[in-house]
Amino acid sequence: MKCVVTGGAGFIGSAIAKRLEKDNHDVVIVDDFSAGYDTNLKGFTGEIIRASVIEAEKVAPAIKDANLIFHLGAMNALPDCSNDMVGTMEVNVKGTASLLDMARRTAAKDCRFVFTSSSAVYEGSDKLPNSESDVPNPHLAYAISKLQGELLCRSFHKSFGLPYTIIRPFNVYGEGQDFRREQPPVMCALAIPLLQGKQATIYGDGTQARDFIHVEDMAELFVVAATHPKGAGEAFNGGVGKSVNINDIYKMICKELGIDKEPVYAPAQGLFDKYPALKEGNFVFRDEAVTHESLKTTLADTAKTKELLGWEPKISMEEGVKRSVEYVKKNL
Ligand SMILES: NC(=O)c1ccc[n+]([C@@H]2O[C@H](COP(=O)([O-])OP(=O)(O)OC[C@H]3O[C@@H](n4cnc5c(N)ncnc54)[C@H](O)[C@@H]3O)[C@@H](O)[C@H]2O)c1
């Protein structure tokens, strides 16, 4: 099958692209490399189109005759998205609409459009665990752009019959995670200072918890949901159904590194300090928006993936942390 992976040079996209190649599919990656790396594509032999998802004329050859389109290319750093709402909507919403439009005109007759949403659409919900039938009511720019993408998939399906599947990843972690970015993912943010002989900082009291899913499991869920007949027209949570708090993650990392060091605890508002632009202007980003985001607990209801797709994650947190820490240690 001809498979397209937008954002294929990124953390999750590259894992999906490599997984698809392993299954003998023809894979085309579309990525503008704004947050993607050639190093993620070691061993990948398919075509790579260096373009933004909004550059329709450059992306068109990839979409033509595609059987599966995995759309992951997006602005996804939360503070960046809040700071640049217009740019976020341009890439995440207009980019998605443009791909869907191309898909309905030129993709293969059996094409399925797989949209990467996010557990962020549950932001604002007090209910745990979150199931796919919950009504999302987010307010952050990133989450809104993902919800818009979901609605566009539904619109193209209802209007034109284009099949789609939506995946809502929770906290994806593992080898290949981008530890170089301004605000690295939490596991890297804790491991890096420890590896440099410094103290790690935990924002808040560390009792906030996330549903962490290893990237290998995540890539497998994408492929299973995309190719399963019961995956069409559905949204699926990408989580494991367990929350692990940051203090426990920290202990696991310390154990893995053989380090016995106390972390420094800092106010949750500090998490976005590296983004001073959010505090410029007449209306500045509210501290409570940061604390709410930082201190939240996420938990996926995984009943639907089990029942409809017969899918369950395989990699334990212990194994996943071990592999992630080894990756950061080797590549720092
Ligand atoms: N990592 C997580 O925990 C998580 C959780 C929920 C949702 N997601 C979603 O999964 C997708 C992949 O996330 P990731 O963690 O691999 O992030 P990532 O930043 O590693 O990958 C995103 C990729 O998209 C590319 N990209 C960005 N803008 C683009 C554009 N305009 N055109 C083409 N390519 C573009 C980047 O260069 C990068 O290679 C994103 O859509 C993200 O919102 C991720």
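**Helix 1**

I started with the buried residues of helix 1: Phe-11, Ile-12, Gly-13, Ser-14, Ala-15, Ile-16, Ala-17, Lys-18 and Leu-20. Buried here means 20 or more other C-beta atoms within 10 Å of a residue's own, exposed means 12 or fewer, and partly exposed is in between, with C-beta atoms placed from the backbone. I am looking at a predicted model, where local features need pLDDT of at least 70 and side-chain atom pairs count only at pLDDT 80 or more, while totals for chains, interfaces and linings use all residues. Residue numbers run from 1 along each chain as its sequence is written. Helices (H or I, at least four residues) and strands (E, at least two) are DSSP runs, numbered from the N terminus.

Nine of the twelve residues of helix 1 are buried, so the rest of the structure largely encloses it. What do they pack against? I find strand 1, strand 2, strand 4, strand 7 and helix 7 (215–227); contact means C-beta atoms, placed from the backbone, within 7 Å. From first C-alpha to last, helix 1 reaches 17 Å, close to the 16 Å expected at 1.5 Å a residue. That expected span is 1.5 Å times one less than the number of residues.

Asn-24 follows helix 1 and sits in the loop between helix 1 (11–22) and strand 2 (26–31). Its phi is positive, near 70°, in a residue other than glycine. I noted Asn-24 as exposed because it has 8 C-beta neighbours inside 10 Å.

I place Asp-65 in the loop between helix 2 (56–63) and strand 4 (68–71). With 12 other C-beta atoms within 10 Å, Asp-65 is exposed. Most residues other than glycine have a negative phi, and most peptide bonds are trans. The Leu-128 to Pro-129 bond is cis, with omega near -5°. Pro-129 is in the loop between strand 5 (112–116) and helix 5 (141–160).

**The ligand shell**

Which residues are closest to the ligand? I get Gly-7, Gly-10, Phe-11, Gly-36 and Gly-73, out of 29 that surround it, where a residue counts as near if its C-beta atom, placed from the backbone, lies within 6 Å. Helix 1, strand 2, helix 4 (85–106) and strand 7 (171–173) are the elements giving two or more residues to this shell. Helix 1 gives the largest share, three residues. By class I count 13 nonpolar, 13 polar and three charged. Ala, Val, Leu, Ile, Met, Phe, Trp, Tyr, Cys and Pro count as nonpolar, Asp, Glu, Lys and Arg as charged, and the others, Gly among them, as polar.

I traced an open sheet of seven strands in the order 3-2-1-4-5-6-11, with parallel pairing; a pair needs at least two DSSP bridges. The twist averages 15° from one strand to the next. Axes are lines fitted to C-alpha atoms, for helices over the stretch in contact, and angles run from 0 to 180 degrees between N-to-C directions.

Strand 1 (residues 2–6) runs parallel to strand 4, joined by four bridges, and Thr-6 stands opposite His-71 in strand 4. Helix 4 packs on the sheet, touching strand 1, strand 4 and strand 5, and its direction makes about 180° with that of strand 4.

How covered is strand 5? Five of its five residues are buried. Arg-112, Val-114 and Thr-116 point one way, Phe-113 and Phe-115 the other. Strand 5 pairs with strand 4 over four bridges in the parallel sense, and Ile-69 has Phe-113 as bridge partner. Strand 5 also pairs with strand 6 over four bridges, again parallel; there Thr-116 stands opposite Ile-167.

I checked the length of helix 5: its 20 residues should span 28 Å at 1.5 Å a residue, and the end C-alpha atoms are 28 Å apart, which agrees. Its buried residues include Ala-141, Tyr-142, Leu-152 and Phe-156. Helix 3 (78–83), helix 4, strand 5 and strand 6 (164–169) are among what covers them. Gly-161 follows, with a positive phi near 80°.

Last, Ala-191 in helix 6 (residues 186–195). Ala-191 is buried, with 28 other C-beta atoms within 10 Å. Beyond four places in sequence, Ala-191 is in contact with Ile-253, Val-325 and Val-328. Its C-alpha is 8.3 Å from that of Lys-329, 138 residues apart along the chain.

How values were computed
Contact = placed C-beta atoms within 7 Å.
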